[in-house]
Amino acid sequence: MTTPDAGYPLADLMWTFVLFFAFLVYFWLIITVFGDLFRRHDVSGWGKAGWSVFVIFVPLIGSLTYLITQGRAMADRDIRHAEQTKQQTDEYIRSVAAPGSHAVEEIARGKELLDRGAISQEEFEQLKRRALV
């Protein structure tokens, strides 16, 4: 009696894994090329169409040609994009992480009003409590 997997030796299984991985890398390569191509602002519509036709009809050669000719520029664009994203994230974090800055402004404005005599000490204390809550 034979087992169901007897007709599929280990070498075939390993070859299947290699092919599966190769297809994953291949599709990742094509998606990367198209992602970079359509994010570019320095290439005209005709240029994008030309690269797209080249990559679609001769995928491996087209993708490798794009990477060879545009590889350094792709890296520069990715670095610039990462820096812009980090800067935007940092600005957002600063704006959200400093909720006390609004309270400080309120208290400073209240202190000015108190110094000018526009509000009493009790009103200033009340304003401080409201700002800090």
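Tutor: A residue counts as buried under 20% relative accessible area, as exposed over 50% and as partly exposed in between, with a 1.4 Å probe and only the protein chains taken into account. By that scale serine 63, at 0% relative accessibility, is buried, and its place is in helix α3, where a helix is a DSSP run of H or I with at least four residues, numbered from the N terminus, just as strands are runs of E with at least two. This is a predicted model, in which local features need pLDDT of at least 70 and side-chain atom pairs count only at pLDDT 80 or more, while totals for chains, interfaces and linings use all residues. Residues are numbered from 1 along each chain as its sequence is written, and side-chain values use heavy atoms, with hydrogens and water left out.

Leucine 29 belongs to the buried residues of α1, together with Ile30, Val33, Asp36 and Leu37. Helix α1 itself runs over residues 10-39, and its 30 residues reach 43 Å from first C-alpha to last, close to the 44 Å expected at 1.5 Å a residue; the expected span is 1.5 Å times one less than the number of residues.

With 13 residues, α2 reaches 18 Å between its end C-alpha atoms, close to the 18 Å expected at 1.5 Å a residue. Its buried residues include Lys48, Trp51, Ser52 and Val55. These four cover an arc of only 105° around the axis, and so they lie on the same side of α2, the arc being that of the directions from the helix axis to the C-beta atoms. On the other side of α2, Trp46 and Phe57 are exposed. Within the buried group, serine 52 has a relative accessible area of 10%, and its side chain reaches the backbone oxygen of lysine 48 at 2.7 Å. That is a polar contact, meaning a pair of N or O atoms within 3.5 Å, where within protein one must be able to donate a hydrogen and the other to accept it, and where residues adjacent in sequence count only if both atoms are side-chain atoms.

What does the outside of this region carry?

Charged pairs continue the picture. The model has six salt bridges, each a side-chain nitrogen of Lys or Arg within 4 Å of a carboxyl oxygen of Asp or Glu. In one of them, lysine 86 meets aspartate 90 at 2.9 Å, N to O; the two are separated by about one helical turn, because they are four residues apart in α3. Lysine 86 is exposed at 52% relative accessibility, whereas aspartate 90 is partly exposed at 25%. In helix α4 (residues 100-116), arginine 109 and glutamate 106 are three residues apart, about one turn of the helix, and their closest N and O atoms are 2.9 Å apart in a salt bridge. Arginine 109 is partly exposed at 44%, and glutamate 106 is partly exposed at 22%.

Helix α5 (residues 121-132) has a further pair, lysine 128 and glutamate 125, three residues apart, with closest N and O atoms at 3.6 Å. Phe124, Leu127 and Ala131 are buried in α5. They cover an arc of only 60° around the axis, which puts them on the same side of α5, while the face turned away from that buried side carries the exposed residues Glu122, Arg129, Arg130 and Leu132.
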